[in-house]
Amino acid sequence: MNKAVVADAADLFAAARHCLDARDPDDKIALTGAYARRFKDGALPLDARAPAPEPIGMPGRPERPKLVHPRELPRRGLGSEEGRAAFIHAIAHIELNAIDLGWDAVYRFRDLPADYYADWVSVAADEARHFVLLRDRLRDLGFDYGDFDAHNGLWEMCEKTAHDGMARMALVPRVLEARGLDVTPGMIVKLRSLGDHETVGVFEVILREEVAHVAAGSRWFRWFCERRGVQPESTFRDLLSEYARAVLHGPFNIDARAAAGFSAEELAALHAIAER
């Protein structure tokens with residue numbers, strides 16, 4: 001951690017804001033680890049008197065990578081080291097965003113059960129570890145985070161759902177982050193065929209742990225539905241139609257999504273909307 005950055009927030013909401021605001025990835029990683037440990041040790045209370053959350057905006061980001069529209073990102077094959085590095089970079093960028101998604105879920109939505117905050121602090125800490133694994137692999141290949149352009153799709157959905165915890169749980173973990181459950185197994189097969197067993201090992205760790213992250217989204221989405229007296233399957237279908245039609249793509253990893261808390265009806269809704 002930069003010597004000027006100290007994990008000195010007095011409560012969990014201030015800690016989440018501190019992590020969100022950190023621009024340097026090393027600072028964001030170090031703060032996330034420090035605050036996650038403090039929270040686990042019971043030293044970072046939930047302060048009911050904490051200031052209300054600020055309106056959502058871009059979290060702290062380094063000057064690079066440059067953020068562009070997804071259509072502007074060049075397509076590269078995995079056969080070259082540069083192509084493989086660009087792919088790893090794209091996943092590292094997702095993981096860096098996912099740290100902020102975890103902390104924003106903590107910071108933005110208040111008066112929820114303690115287990116809710118414990119889940120999303122844990123998710124943020126996992127995502128920080130995933131980012132480090134991917135960045136280290138990038139460096140093994142002679143590149144670093146920021147060497148390739150990236151897009152901002154994950155955070156844009158975070159902004160769209162800032163008004164409603166139920167929509168956030170439905171659409172960020174269960175749609176955008178869950179996309180990793182769909183595509184990662186095929187990428188592991190491809191990377192293994194290329195002999196890149198080091199990257200395969202990293203992706204296997206991430207895939208295994210992301211199931212639990214998506215499951216946390218499922219769990220709290222259903223909690224919100226129960227509290228509001230709405231039916232989860234029809235509510236999920238309505239939210240997909242309203243927010244996610246343009247970003248929903250199959251095929252879907254049915255087994256992994258079922259393990260992450262998707263019902264058969266929800267999986268059918270994903271298929272129906274993706275095929276329109």
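**Thr184.** I started with threonine 184, which sits in helix H7 (residues 179-193); helices here are DSSP runs of H or I with at least four residues, numbered from the N terminus. The model is predicted, so I kept in mind that local features need pLDDT of at least 70, side-chain atom pairs count only at pLDDT 80 or more, and totals for chains, interfaces and linings use all residues. Residues are numbered from 1 along each chain as its sequence is written, and side-chain values use heavy atoms, without hydrogens and water.

Is threonine 184 buried or exposed? I found threonine 184 buried, at a relative accessible area of 12% (buried is under 20%, with a 1.4 Å probe and protein chains only). Setting aside residues up to four places away in sequence, threonine 184 touches Phe203 and Leu207 (contact means heavy atoms within 4.5 Å).

**H8.** Next I looked at helix H8 (residues 197-228), whose 32 residues reach 47 Å from first C-alpha to last, close to the 46 Å expected at 1.5 Å a residue (1.5 Å times one less than the number of residues). Just after H8, I noted that glycine 229 has a positive phi of about 70 degrees.

**Core.** Then I turned to the largest nonpolar core, with 91 residues; such a core is a set of buried Ala, Val, Leu, Ile, Met, Phe, Trp, Tyr and Cys residues joined through side-chain atoms within 4.5 Å. H8 gives the largest share of this core, 14 residues.

Note on methods
Helices (H or I, at least four residues) and strands (E, at least two) are DSSP runs, numbered from the N terminus. Buried means under 20% relative accessible area, exposed over 50%, partly exposed in between (1.4 Å probe, protein chains only).
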